[in-house]
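The sequence and structure come first.

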Amino acid sequence: MISVHNLVKSFGDFTAVKDITFEVAQGEIFAFLGPNGAGKTTTIKMLTTLLRPTSGRIELDGLDPTVKQKQARQRFGIVFQDPSLDSEQTAWENMDLHGVLYHVPRKLRASRTEELLRTFELWDRKDDYVKTFSGGMKRRLEIARGFLHTPKILFLDEPTLGLDPQSRNQLWTHVKRLNEAERTTVFLTTHYMDEADRVAHRIAIMDHGSIVAQGTSTELKEQTGTDSLEDAFLALTGSSLRDEGADAKAAMRQVAKMWRR
Amino acid sequence: MGAIYILWLRELKRYVRSRVQIVVSLGQPCLYLLALGFGLGPVFRQAGHGSYLQFMAPGVVGMTVLFSSVFSGIAMLWDRQFGFLKETLVAPVSRMQIMVGRTLGGATVAVIQGTLILIICLIAGFRPHSWVAIPLAFLFVVLIAVVFAALGTAIGSIIQDMQGFQLVMNFLVMPIFFLSGALFPLANLGVVMSVITRLDPLSYGVDGLRGALIQTWQFSVAFDVALLAAIGAVFLSAGAYLFSRIEA
């Protein structure tokens, strides 16, 4: 469903993604793990047509998203790392707007919105402004919205960041259920190893722009001779802190972004 | 088409729902009307130009439409900050449709604001030379709204933060307003001022409004309409181009 070959993205002198290659099969839940600044979000942005790759090949459901942009976009849904809801509109209106943008016919739009809002336990609040929602509710609404146009692939970029364990748990239960019911391929990134361990069929670990290991959770543990995914992760990426480096990179990316205009 | 409609509708809903903002944004033009219209009125009359309120009311309508439409374009900054912009940028519709929907929405809001101010002017004592002139004045309101909503979209696509916004307000929008002849006649100006005011797109909008409402033309109706339409086309193209280049 997703196939990536020798993908590279550089911002000026800085290479955020260095020659990565991976495949995700249809119906699979695939997790991307990595420390801050590893290049996960940059990769997602390239997969979702928001950034042009410097070089390499991407295929989503057999389509090159850099060429067939619109057709590719119709086929995936995305939940961004930071919120992307219109807080001045109601939950229902947010869903409706998304449905119109993704060409979902009116009747189907209404029935599917109801079904998804019920699944994600937001139906009672459908006519409330999003600005009155809690962080967990907003996240659930975004994920429900991502499923609205029955995408073949759903990208989730750190969807559980800042949520309490209850919300996280519930969120993954819903995502798993829809993954099974609709055979949606799910591509996610997270910092929570337990989530990846529980939800993902396969995992790739990224560090400094490269994929350092990929396989099932069990394979990764065997490969590193550790008994938890967290230990395997630390064994592969080292235990030095990345925050500072990541911030410098983020700042550089910002500068690069400014000057390209 | 669906995408254009839903984004247009969104702008309108946002406007109708923010009642506080409606009042606030009408407050400023009212202040101009009060302080200048009534404050400078006696001086203007002594100079032998008749009623200043009659003269500046079309200018205040033009100003309201200018501010409102440029703001709506720059409101993209908020959408960028709060992330909603990204939702529209990854949707399977062309950037052109998104840009047109947003811009028309902003222009519609500006037209409503301009109409409200015109009504306030009428209440304050402003009288057009004939009620038949209202449709022509409305045409100019629409033209001004489209021109500056497109400019707003173009600017909103470039600026990234609040500093940029301040810069645009102080060095672009305020000069456009003050140098447009909204507050003073364009006749008998020095060479420098004449050139500057003629470079200001709003001059033609205000001239059109004033011409339609009180029959005082600096230029002519055909010239104003043609020029505003041309500028509108240029700004729309620029807006579409810059919007298409946004990277989330």
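What percentage of the 261 residues of chain A count as buried? In this predicted model, 43% of the residues of chain A fall into that class. The secondary structure of chain A comprises 10 helices and 9 strands. A compact globule of 261 residues would have a radius of gyration near 18 Å, and chain A, with 18 Å, agrees with that expectation. Along the principal axes, the C-alpha atoms of chain A fill a box of roughly 50 × 45 × 35 Å. Among the contacts in chain A with a separation of 6 or more, 68% join residues 24 or more positions apart.

**Helix α5 of chain A**

Helix α5 of chain A runs over residues 135-147, and its 13 residues reach 19 Å from the first C-alpha to the last, close to the 18 Å expected at 1.5 Å a residue. Because 10 of the 13 residues of α5(A) are buried, the helix is largely enclosed by the rest of the structure. The buried residues include the charged-letter positions A:K138, A:R139, A:R140, A:E142 and A:R145, and also A:L141, A:I143 and A:F147. The elements tabulated below, which belong to chain A, are among those that cover the buried residues of α5(A).

| Covering element | Residues |
|---|---|
| β5(A) | 76-79 |
| α3(A) | 91-101 |
| α4(A) | 106-119 |
| β6(A) | 153-157 |
| α6(A) | 165-182 |

**The nonpolar core**

In soluble globular proteins, nonpolar side chains tend to be buried together. Here the largest nonpolar core has 141 residues, and those with the most contacts inside it are A:F155, B:V60, B:V61, B:L66, B:I144, B:A145 and B:V147. Leaving aside residues up to four places away in sequence, B:A145 touches B:V65, B:S69, B:A107, B:A110, B:V111 and B:G114.

**The contact between the chains**

The contact draws 21 residues from chain B and 22 residues from chain A. On the side of chain B that touches chain A, the elements that give two or more residues are α1 (2-17) and α6 (84-89) of chain B. Of these, α1(B) gives the most, with 7 residues. This side of chain B divides into 11 nonpolar, 3 polar and 7 charged residues.

Helix α6 of chain B also holds B:K86. This lysine counts as buried because it has 21 C-beta neighbours inside 10 Å. Although B:K86 and B:I246 are 160 residues apart along the chain, their C-alpha atoms are separated by 9.9 Å.

Conventions: Residues numbered from 1 in each chain as written. Chains lettered and ligands numbered in written order. Predicted model: local features only at pLDDT ≥ 70, side-chain atom pairs only at ≥ 80, totals over all residues. Helix = DSSP H or I, 4+ residues; strand = E, 2+ residues; numbered from the N terminus. Expected span 1.5 Å × (residues − 1). Buried ≥ 20, exposed ≤ 12 C-beta atoms within 10 Å, placed from the backbone. Contact = placed C-beta atoms within 7 Å. Core = buried A, V, L, I, M, F, W, Y, C linked by C-beta atoms within 7 Å. Rg over C-alpha atoms; globule rule 2.2 N^0.38 Å.
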